[in-house]
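Student: I have a model open and want to learn how to read it. Can you take me through some features, one by one?
Tutor: Gladly; let us look at it together.

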Amino acid sequence: MAESMADVSELIASLAALASEGTRRFAEADSLEVLEQVRVDLLGDARGRLREYQRALGAVPHESKPEVGRRFNEVKGALERGLAERRAALEAVARPVDSGVDLTMPARRRWTGGRHPVTLVIDEIVAIFRELGFTVAQGPEAETEWYNFLALNFPPDHPAMDAHDTLYLESGALLRTHTSPVQVRTLQRVAPPVRVVIPGTVYRRDFFDPSHAPAFAQIEGLAVDEGVSFVDLKATLAHFANRFFGRTRTRFRPSFFPFTEPSAEMDIECRLCAGSGCSACKGTGWMEILGSGMVHPSVLDAAGVDSERYTGWAFGMGPARIAMQRYKLPDIRILYDSDVRFLEQVAR
């Protein structure tokens, strides 16, 4: 090697080429392992290529040694700086960021949010009715008396319209007492056939007791078409109950709602006491989950639908009461306590 590099100009040119190659290879190294391989090849004590140039300096003429020695030291310094800079960059990427956290401390379980039990019930109910061809409709929570009462066949002197029963706002508006106004809004916007479910929050001046709340979620259902009958209503709701609760006993009881005729309430066997009677079902063994009936012709007419041609049925249910049955809760107020110890057992 010494003899082949005795020519000074050739030696200086070779050193410049080595510096250029080394700088490029250090910059291209994408891991500490690759960087170490390049270091050994270029700067290794035993077989490094720069070591060969150092041995070749012995054959350089005396008068040229200062110049060649200066160039050699420049190349060596440049390679060592390139190595150090690239190693620092790769180590910075591999090193975990110092977040100020003491990693020797025991880990704390991290609380992550989840959907509320009532929300889970609403989503499941909507999914069941989607399978039956229903879509979702929504409307405002602040309503007018016309949509909330008069268009739904409530007479102007109905007790529910009294200030002691309903939460009124300024300018005659009120917080809706049910999701039924969306029935009228939907029929005004979409011509039959119509099949919608209507989830939303409603407000009433009810006492907060084991089975009532002054603000609660409700789901309305509406089907309007030619030839729709009470048989369709009963079959649909029985299908829903068996899909949601599993095989269960149901019963329909005659009832009265101004916006349906005939009307019925649907009960399922209380799942808390298996029909033997408890405080949640008031000792009856049955839990009411919804009211239903055939849409009153006056409601269809108020929405601009020909009641001589079309018929329909509707229902309204409280997901909180259904959640009580699903999760076997004796008191509806548990759902509103925001007790994380309870919610984290159900939320997902």
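Student: Is Trp-146 buried, partly exposed or exposed?
Tutor: Keep in mind that this is a predicted model. Relative accessible area is the number to read, and buried means under 20% while exposed means over 50%. Trp-146 comes out at 35%, so the residue is partly exposed.

Student: Where does Trp-146 sit, and which residues does it touch?
Tutor: Trp-146 belongs to helix H6. Setting aside residues up to four places away in sequence, Trp-146 touches Ala-151, Val-184, Gln-188 and Ala-302.

Student: What is the C-alpha separation of Trp-146 and Ala-173?
Tutor: The two are 27 residues apart along the chain, and their C-alpha atoms are separated by 9.7 Å.

Student: Now Tyr-336. Where is it placed?
Tutor: Tyr-336 is in the loop between H10 and helix H11 (340–346). Its relative accessible area is 33%, so Tyr-336 is partly exposed.

Student: Which residues is Tyr-336 in contact with?
Tutor: Leave out neighbours within four places in sequence. Then Tyr-336 contacts Phe-208, Ala-213, Ala-215, Phe-216 and Ala-320. For Tyr-336 and Asp-45, 291 residues apart along the chain, the C-alpha atoms are separated by 75 Å.

Student: On to helix pairs. How do I read the packing of H1 and H4?
Tutor: Take the axis angle and the axis distance. An angle under 35 degrees counts as roughly parallel. Helix H1 (residues 8–28) and helix H4 (residues 65–94) pack at about 5°, with axes 9 Å apart. H1 and H4 are therefore roughly parallel to each other.

Student: Which residues make that contact?
Tutor: From H1, they include Leu-11, Leu-15, Leu-18 and Phe-26. From H4, they include Val-68, Phe-72, Val-75 and Leu-79. By class, the contact of H1 with H4 has 13 nonpolar, three polar and three charged residues.

Student: At what angle do H5 and H10 pack?
Tutor: About 100°, with the axes of H5 and helix H10 (residues 319–327) 9 Å apart. The range from 65 to 115 degrees counts as roughly perpendicular. That is why H5 and H10 are called roughly perpendicular to each other.

Student: What is the contact made of?
Tutor: On the H5 side, Pro-117, Val-118, Leu-120, Val-121, Ile-122, Glu-124 and Ile-125 take part. On the H10 side, the residues are Pro-319, Ala-320, Ile-322, Ala-323, Arg-326 and Tyr-327. The contact of H5 with H10 has 11 nonpolar, no polar and two charged residues.

Student: How do H5 and H8 cross?
Tutor: The axes of helix H5 (residues 117–131) and helix H8 (residues 230–245) come within 11 Å and cross at roughly 130°. H5 and H8 are therefore oblique to each other. H5 passes H8 in a right-handed crossing.

Student: Which residues of H5 and H8 meet?
Tutor: Val-121, Glu-124, Ile-125, Ile-128, Phe-129 and Glu-131 in H5 face Thr-236, Leu-237, Phe-240, Arg-243 and Phe-244 in H8, within contact distance. The residues of the contact of H5 with H8 divide into seven nonpolar, one polar and three charged.

Student: Which residue has a positive phi although it is not a glycine?
Tutor: Asn-153 has a phi of about 75°. Asn-153 is found in the loop between helix H6 (145–148) and strand E3 (174–175). With 26% relative accessibility, Asn-153 counts as partly exposed.

Student: Where are there cis peptide bonds?
Tutor: One joins Pro-192 and Pro-193, with omega about 5°. Pro-193 lies in the loop between helix H7 (181–189) and strand E4 (194–203). Another runs from Glu-261 to Pro-262, with omega near -5°. Pro-262 is in strand E7 (residues 260–269).

Student: Last, the cysteines. How many disulfides are there?
Tutor: A disulfide needs a pair of cysteine sulfur atoms within 2.5 Å. By this rule the count is zero. For Cys-270, the nearest cysteine sulfur is that of Cys-273, 3.6 Å away.

Student: Are Cys-270 and Cys-278 buried or partly exposed?
Tutor: Cys-270 has a relative accessible area of 1%, so Cys-270 is buried. Cys-278 has 22% relative accessibility, so Cys-278 counts as partly exposed.

Technical notes:
Residues are numbered from 1 along each chain as its sequence is written. This is a predicted model: local features need pLDDT of at least 70, side-chain atom pairs count only at pLDDT 80 or more; totals for chains, interfaces and linings use all residues. Side-chain values use heavy atoms; hydrogens and water are left out. Axes are lines fitted to C-alpha atoms, for helices over the stretch in contact, and angles run from 0 to 180 degrees between N-to-C directions. Helices (H or I, at least four residues) and strands (E, at least two) are DSSP runs, numbered from the N terminus. Angles under 35 degrees count as roughly parallel, over 145 as roughly antiparallel, 65 to 115 as roughly perpendicular and the rest as oblique. A crossing is left-handed if the near helix is turned anticlockwise from the far one by less than a right angle, and right-handed if clockwise. Contact means heavy atoms within 4.5 Å. Ala, Val, Leu, Ile, Met, Phe, Trp, Tyr, Cys and Pro count as nonpolar, Asp, Glu, Lys and Arg as charged, and the others, Gly among them, as polar. Buried means under 20% relative accessible area, exposed over 50%, partly exposed in between (1.4 Å probe, protein chains only).
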